[in-house]
Amino acid sequence: GIDKGYFTGEIKLKLLNLSGTGRQLSIYWSKVNRYSQQLHLKYFEPWIWKTKFFGEGEFQQVLRDTLVVTREFIIGMGKRVLTGNLQVNFNNQSTIPTPGGCTILGLNPTKTTMIGLEFNKDRRNNRLNPDRGYQLHLKGLIGNRNETTKKNKSQFQGEIDGEFDYLIKRQLVASLKGYYKGKWLSKGNVTFSEQFWFGGANSLRGYSQDFFRGSEIAWASFELRWLIGNLSRVYIFSDYGYYKLPVSGKNEIGFPGSFGVGLRLNSRMGIIGIDYGFGKGDTFSTAKVHIHIENRF
């Protein structure tokens, strides 16, 4: 017989300044393979009841290898301070293993409730194609994790990412980006259903999407760019990653890396991006090509 085909890829849709009010709506959908899918919906309200506070609501759902479904609801409220945004977040996350996840990995349903703070500051002169400036994002959450067959555990989650852009000379820009995210429990290890995933076009180029995972993950990217327009550039890049993965009571640590060339080109369809990346052991025939289109309305 002939197997039915399926689509893979991702869609990012951002609707900015809805009805001229500053409200924003973001939609993200991704299908890495036949067995995994992600959906993110996010709404931003710039002024709550005509006060100086802003608010946002977010829903995320992830199906991971038909083994577990993760759902997360996030509500945040904040205020603009120190030329940045400071907000309080309330998170409610649940993991729902499938029969396969329970049998193969021994997963149990969990519910986690957390509260935390988030700070974001962006001083880049052009968010989509900067030649100078920096961006910093910090996030910390603490709460309670409830697993059906075990005692409750305390949980802490931290996240930091940033970018620094420096104009070397006219049109030539050096850009450095970094990202780190980790999760810790008061007892035991972070299970498969609650680990973080990375790799692919938006993190470690030269590898398939979500190729790596761990209870702690990080990556850094250095790009040497030649700007050819307000939203266009060509560049060479080098990416470096890190993960800590609990395996049989021990932590497996890895430091993958990649390098390559890329292009961002402004068009009527939006910004077309192409990255040609070499992961470990890749040749010209096995290197990964990442293609995406970004548009804002």
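**Strands, rings and salt bridges in a predicted model**

Gln 93 sits in strand β6, which spans residues 84-97 (strands are DSSP runs of E with at least two residues, numbered from the N terminus). The structure is a predicted model, so local features need pLDDT of at least 70 and side-chain atom pairs count only at pLDDT 80 or more, while totals for chains, interfaces and linings use all residues. Residues are numbered from 1 along each chain as its sequence is written, and side-chain values use heavy atoms, with hydrogens and water left out.

With a relative accessibility of 10%, Gln 93 counts as buried (buried is under 20% relative accessible area, exposed over 50%, partly exposed in between, with a 1.4 Å probe and protein chains only). Its side chain makes a polar contact with that of Glu 72 at 3.5 Å (a pair of N or O atoms within 3.5 Å, where within protein one must be able to donate a hydrogen and the other to accept it, and residues adjacent in sequence count only if both atoms are side-chain atoms). Leaving aside residues up to four places away in sequence, Gln 93 touches several others, among them Thr 70, Arg 71, Thr 110 and Lys 183 (contact is heavy atoms within 4.5 Å).

Strand β6 also turns up in a nonpolar surface patch, where it gives the largest share, three residues. The patch covers about 820 Å² and is made by Ile 75, Leu 86, Val 88, Phe 90, Ile 115, Leu 117, Ile 142, Phe 156 and Trp 184. Patch residues have over 30% relative accessible area and no salt bridge, with nonpolar side chains (Val, Leu, Ile, Met, Phe, Trp, Tyr) joined within 5 Å and like charges within 9 Å; the areas come from the Shrake-Rupley method with a 1.4 Å probe, and for residues only the protein chains shown count as cover. Strand β7 (110-122), like β6, supplies at least two of the patch residues. Leu 117 belongs to β7 and, at 51% relative accessibility, is exposed.

As for aromatic rings, the count comes to 16 pairs (rings of Phe, Tyr and Trp, the last by its six-membered ring, pair if their centres lie within 6.5 Å; planes under 30 degrees apart are stacked, over 60 edge-to-face, the rest tilted). Phe 156 and Trp 184 are a stacked pair, 5.6 Å centre to centre with 25 degrees between the planes. Phe 156 lies in β9 (residues 153-169) and Trp 184 in β10 (residues 172-185), so the pair ties together parts 28 residues apart in sequence. Both are partly exposed, Phe 156 at 38% and Trp 184 at 32%. Tyr 179, Phe 198, Tyr 207, Phe 211, Phe 212, Trp 219 and Tyr 243 form one aromatic cluster.

The whole structure holds 18 salt bridges (a side-chain nitrogen of Lys or Arg within 4 Å of a carboxyl oxygen of Asp or Glu). Glu 223 and Arg 205 meet at 2.9 Å, N to O. This pair links distant parts of the chain, with Glu 223 in β13 (residues 216-227) and Arg 205 in the loop between β11 (196-198) and β12 (212-214), 18 residues apart. Glu 223 is buried at 5%, and Arg 205 is buried at 5%. Arg 264 pairs with Asp 275, their closest N and O atoms being 3.2 Å apart. Arg 264 is buried at 11% and Asp 275 at 0%.

Key:
Helices (H or I, at least four residues) and strands (E, at least two) are DSSP runs, numbered from the N terminus.
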